[in-house]
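Reader: I am new to this structure. Can we read a few of its features together, one at a time?

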Amino acid sequence: RVGDMASRSVRTCSSSFSSSSSRSSCHSLHRRPSRRRPSFIRGSCAEAVCHASLLCDLNSVNSVATVAATDAWSVTANGLPTALAGIETKLFQAGLAPYLVYLWFLGQPQTKTPPLTNFGARFLLLFVFATIPAGIVAKTVYGDILSNVDVLHGSSEALLTLSNLFFALGFARALAAETQDSDVSGDVPFKGVGKLVAVALAGCGALAFAAPALLGGVMHDEPTNALSLPTWAVHVSSITEWSVAMSLVWAYGDASGNQAWKGLTWAMAPFLASGLSACTFHVFYNVPELGALVPLQALLTLSGNTACAFAAYRISSAASTASTP
């Protein structure tokens, strides 16, 4: 009803404006003073503006409500009973609290966490929060889950790759400094990372152009939601970096004299399993039949966050005990 009233009022206002313009032109020719429009015409125009403004407000409210109600992390079908629909989102959300505890213990001075490693662990929060608007845009604009919108998916996962790279590089620097008996640098190697990203993108681009020519008879058509080569490169590098980081953490336990660091290596294992479950989901083109892999990934992430929080607590406690005379 509001829309009909607004339309009628706009038509009334438009027609009255046209007739008023005609009269004004005629009056100017005969040098007559212009007349004011009747009050009911002025009222109709004001009513049209009011109704149009109301429609805009209603559309804005509906848009905001749609965005607020969008579940950024859930999948269309998670393969579980209906009562557990969207459980993956709750598991991902629950994992944030133990991860913050992990960051707090990791940042304590007595743990002697390499500065770049500390930065990398905190950088992961940027990846977590970036997936929220990316997931919302994927569902509201593209009408699909984030994993099926390659440009948003790959961009978000690139932040995870950088986080893992900083995390591992921090331990590598610390071990190198221990060998050379020098101070550990906490500077973020932006130039080096930029070069690495440029080389990786150039390699992916060259391979993308060369692969059809070299493997024309072997390659087959993939569905539209298949991951692109750069997005696959991001996933593979994330898992590789995390695996390397696990071995570096173990070595750092020996080098630092705090054997509790080795417990962090075991605590990092669920994250590795989580990444592998996500890649398995992508290998099969994110089919709904394998949707249960997403809640599994969320559960493994929650387990990893909790285990890392406990491991960081043990590292901090062992370091405090060792420093106490």
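Author: Start with a tryptophan. At 34% relative accessibility, W250 counts as partly exposed, because that class lies between the 20% and 50% limits. One caution before we go on: this is a predicted model.

Reader: Which ring does W250 pair with, and how are the planes set?

Author: For a ring pair, look at the centres and then at the planes. The structure holds 14 aromatic pairs. One of them joins F171 and Y252. Their centres are 5.3 Å apart, with 65° between the planes, and the pair is edge-to-face. F171 sits in helix α6 and Y252 in helix α8, 81 residues apart, and the pair links distant parts of the chain. F171 is buried, with a relative accessible area of 0%. Y252 also counts as buried, at 10%. Now your question. W250 pairs with W266: the ring centres are 6.3 Å apart and the planes stand at 80°, so this pair is edge-to-face. W250 belongs to helix α8 and W266 to helix α9, so the pair ties together parts 16 residues apart in sequence.

Reader: Which residues form the aromatic cluster?

Author: Look for rings that join into one group. Here F167, F171, W242, Y252, W261 and F271 form one aromatic cluster.

Reader: F271 is new to me. Which helix holds F271 among its buried residues?

Author: Helix α10. To read a helix, take its length, then its buried residues, then what they pack against. Helix α10 covers residues 269-283, 15 residues in total. From first C-alpha to last it reaches 21 Å, close to the 21 Å expected at 1.5 Å a residue. The buried residues are P270, F271, S274, S277, A278, C279, F281 and H282. They pack against α6 (150-180), α8 (229-256), α9 (261-267) and α11 (293-323).

Reader: Pick one of those residues. What is S277 in contact with, beyond its neighbours in sequence?

Author: Set aside the residues within four places in sequence. S277 then touches L293, L296, Q297 and L300. S277 counts as buried because its relative accessibility is 7%, under the 20% limit.

Reader: What follows α10?

Author: Y285, with a positive phi. Here is the general idea: most residues other than glycine have a negative phi. Y285 has a positive phi of about 60° although it is not a glycine. Y285 lies in the loop between α10 and α11. At 24% relative accessibility, Y285 counts as partly exposed.

Reader: Where does K112 lie, and what is its phi?

Author: K112 is in the loop between α4 (96-106) and α5 (115-140). Its phi is positive, about 55°, although K112 is not a glycine. K112 counts as exposed, at 62% relative accessibility.

Reader: Which residues of α4 are buried?

Author: Read this one in two steps. List the buried residues, then look down the helix axis. In α4 they are P98, Y99, Y102, L103, F105 and L106. Seen down the axis of α4, these fall within an arc of 165°, so they line one face of the helix. Their cover includes α3, α5, α6, α9 and α11.

Reader: α3 is on that list. What does the side chain of T89 reach?

Author: T89 lies in helix α3 (residues 87-94). T89 is buried, with a relative accessible area of 8%. The side chain of T89 reaches the backbone nitrogen of S74 at 3.4 Å. Leaving aside neighbours within four places in sequence, T89 is in contact with D71, W73 and S74.

Notes
Residues numbered from 1 in each chain as written. Predicted model: local features only at pLDDT ≥ 70, side-chain atom pairs only at ≥ 80, totals over all residues. Heavy atoms only, no water. Helix = DSSP H or I, 4+ residues; strand = E, 2+ residues; numbered from the N terminus. Expected span 1.5 Å × (residues − 1). Buried < 20%, exposed > 50% of the residue type's maximum accessible area, 1.4 Å probe, protein only. Contact = heavy atoms within 4.5 Å. Phe/Tyr/Trp six-rings, centres within 6.5 Å; stacked < 30°, edge-to-face > 60°. Polar contact = N/O pair within 3.5 Å; in protein donor to acceptor, adjacent residues only side chain to side chain. Arc of directions from axis to C-beta.
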